[in-house]
Amino acid sequence: MADTDGKEGRESGEVDLEKVAQLVDALERDLAQVRGGSRDVQLLRDEVETLKNVLNSPIRRHHWVREGLQGMRNAIEAGLETAVADGLKAGRYIAEIGRILGM
């Protein structure tokens with residue numbers, strides 16, 4: 001029987017794909033507004049695009065989504081100073097990724 005708060009899914013390695021899709025859409029919109037093409041911002045754009053492709057794939061593997069989320073989180077953390085300077089509210093995304101991954 002599934003927990004109403006979704007913990008059972010997280011424990012089994014599954015993530016809420018709808019929440020991930022919403023997060024990717026929001027991050028993609030915000031990144032479109034970021035001026036400049038620093039290496040860190042481009043890395044984050046690439047991670048977002050990769051995760052978007054995984055979500056649009058006919059075969060969805062939860063561990064691929066988890067890996068994509070970790071890649072996005074790492075890219076945000078690595079480029080935090082650049083992203084913040086460019087107006088991206090990185091903390092919001094890091095917190096949401098943590099919630100999705102059950103951290």
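A charge sits over a ring if NZ of Lys or CZ of Arg is within 6 Å of the ring centre and within 35 degrees of the ring normal. In this predicted model, the charged end of Arg61 meets that rule: it sits over the ring of Trp64, 5.7 Å from the ring's centre. Pairs between aromatic rings, by contrast, come to zero.

**Overall fold**

The secondary structure of the protein chain consists of six helices and zero strands. Read from the N terminus, the order of elements is α-α-α-α-α-α. The protein chain has 103 residues, of which 33% count as buried. Its exposed surface comes to about 6400 Å², and carbon and sulfur atoms supply 48% of that area. When contacts between residues at least 6 apart in sequence are taken, 72% of them join residues at least 24 apart.

**Salt bridges**

Side chains of opposite charge can pair when their charged atoms come close.

| Lys52 | Glu28 | 3.0 Å |

The side chains of Lys52 and Glu28 meet in a salt bridge at 3.0 Å. This pair links distant parts of the chain, with Lys52 in helix α3 (residues 39-56) and Glu28 in helix α2 (residues 17-33), 24 residues apart. Lys52 has a relative accessible area of 26% and is therefore partly exposed. Glu28 is also partly exposed, at 27% relative accessibility.

Glu77, at 39% relative accessibility, counts as partly exposed.

Arg99 and Glu96 are three residues apart in helix α6 (residues 90-101), which means that about one helical turn separates them. Arg99 has a relative accessible area of 52%; the cut-off for exposed is over 50%, so Arg99 is exposed. Glu96, in turn, is among the buried residues of α6.

**Surroundings of Arg73**

Which residues does Arg73 contact beyond its neighbours within four places in sequence? They are Ile94, Ile97, Gly98 and Met103. Arg73 itself lies in helix α4, whereas Ile94, Ile97 and Gly98 are buried residues of α6.

**Helix α6 and its end**

Helix α6 has 12 residues and reaches 17 Å from its first C-alpha to its last, close to the 16 Å expected at 1.5 Å a residue. The buried residues in α6 are Ala90, Tyr93, Ile94, Glu96, Ile97, Gly98, Ile100 and Leu101. After α6 comes Gly102, which has a positive phi near 75 degrees.

How values were computed. Residues are numbered from 1 along each chain as its sequence is written. This is a predicted model: local features need pLDDT of at least 70, side-chain atom pairs count only at pLDDT 80 or more; totals for chains, interfaces and linings use all residues. Side-chain values use heavy atoms; hydrogens and water are left out. A salt bridge is a side-chain nitrogen of Lys or Arg within 4 Å of a carboxyl oxygen of Asp or Glu. Helices (H or I, at least four residues) and strands (E, at least two) are DSSP runs, numbered from the N terminus. Buried means under 20% relative accessible area, exposed over 50%, partly exposed in between (1.4 Å probe, protein chains only). Rings of Phe, Tyr and Trp (its six-membered ring) pair if their centres lie within 6.5 Å; planes under 30 degrees apart count as stacked, over 60 as edge-to-face and the rest as tilted. Contact means heavy atoms within 4.5 Å. Accessible areas come from the Shrake-Rupley method with a 1.4 Å probe; for residues, only the protein chains shown count as cover. The expected span of a helix is 1.5 Å times one less than its number of residues.
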